[in-house]
Amino acid sequence: MTAELLKLGGGIAAILFIAWFARFLRLGGDVRIRSEEQAREIANETCCGFDPVEIAIDKAGIAALLRDAEGRHLLVRRHGVQWAGRLLDRHNDSRLDKNFLTVGTGEKTFGSVTLNLGSQASHWAAGLRNLKI
């Protein structure tokens, strides 16, 4: 009985140590876009030289749509704990459903993203319909 209690106590201690160590290393954090400035930094990292003039961040912070002065649109989304971005062209697949805008790049590895943009959703849907590239 004592040996079993020691095993149980040792197992619990090991689990708590691993949880503490992961937190110490800042592993598994909640990765979200929290501000327009952060969205600008992510856009520049994913598409070098992309300077957005208009930004729409998903209400949950998991994705963003950005437009630059040239009219190019960049879709940024979370990919694990990293960020991935794709420049959109007129071949993108976008669908508006009230406050939600679903954008697909046509790229299977990137997939489609549904953004909750609130009242801005219709504005961004119109912008995606008028892409010239």
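In this predicted model, F24 is exposed, with a relative accessible area of 53%. The value is over the 50% that marks a residue as exposed. F24 lies in helix α1, as does W20, and the two are four residues apart, about one turn of the helix.

F24 also belongs to a cluster in which ring pairs link F17, W20, F21 and F24. The structure holds four aromatic pairs. In one of them, the ring centres of F17 and W20 are 5.9 Å apart and the planes stand at 35°, so this pair is tilted. F17 and W20 are three residues apart in helix α1, which covers residues 2–24, and about one helical turn separates them. For W20 and F24, the ring centres are 5.4 Å apart and the planes are at 20°, so this pair is stacked. The assignments follow because planes under 30 degrees apart count as stacked and those over 60 as edge-to-face, with the rest counted as tilted.

A ring is also involved in a contact with a charge. The charged end of R77 sits over the ring of F110, at 5.5 Å from the ring centre.

R77 is also among the residues in contact with V113. V113 is found in strand β7, which spans residues 112–116. V113 is buried, with a relative accessible area of 7%, a value under the 20% limit for buried residues. With neighbours within four places in sequence left aside, the contacts of V113 are A63, L75, R77, L101, T102 and V103. V103 is ten residues from V113 in sequence, and the C-alpha to C-alpha distance between them is 5.3 Å.

Note on methods. Residues numbered from 1 in each chain as written. Predicted model: local features only at pLDDT ≥ 70, side-chain atom pairs only at ≥ 80, totals over all residues. Heavy atoms only, no water. Phe/Tyr/Trp six-rings, centres within 6.5 Å; stacked < 30°, edge-to-face > 60°. Buried < 20%, exposed > 50% of the residue type's maximum accessible area, 1.4 Å probe, protein only. Lys NZ or Arg CZ within 6 Å of the ring centre and 35° of its normal. Contact = heavy atoms within 4.5 Å.
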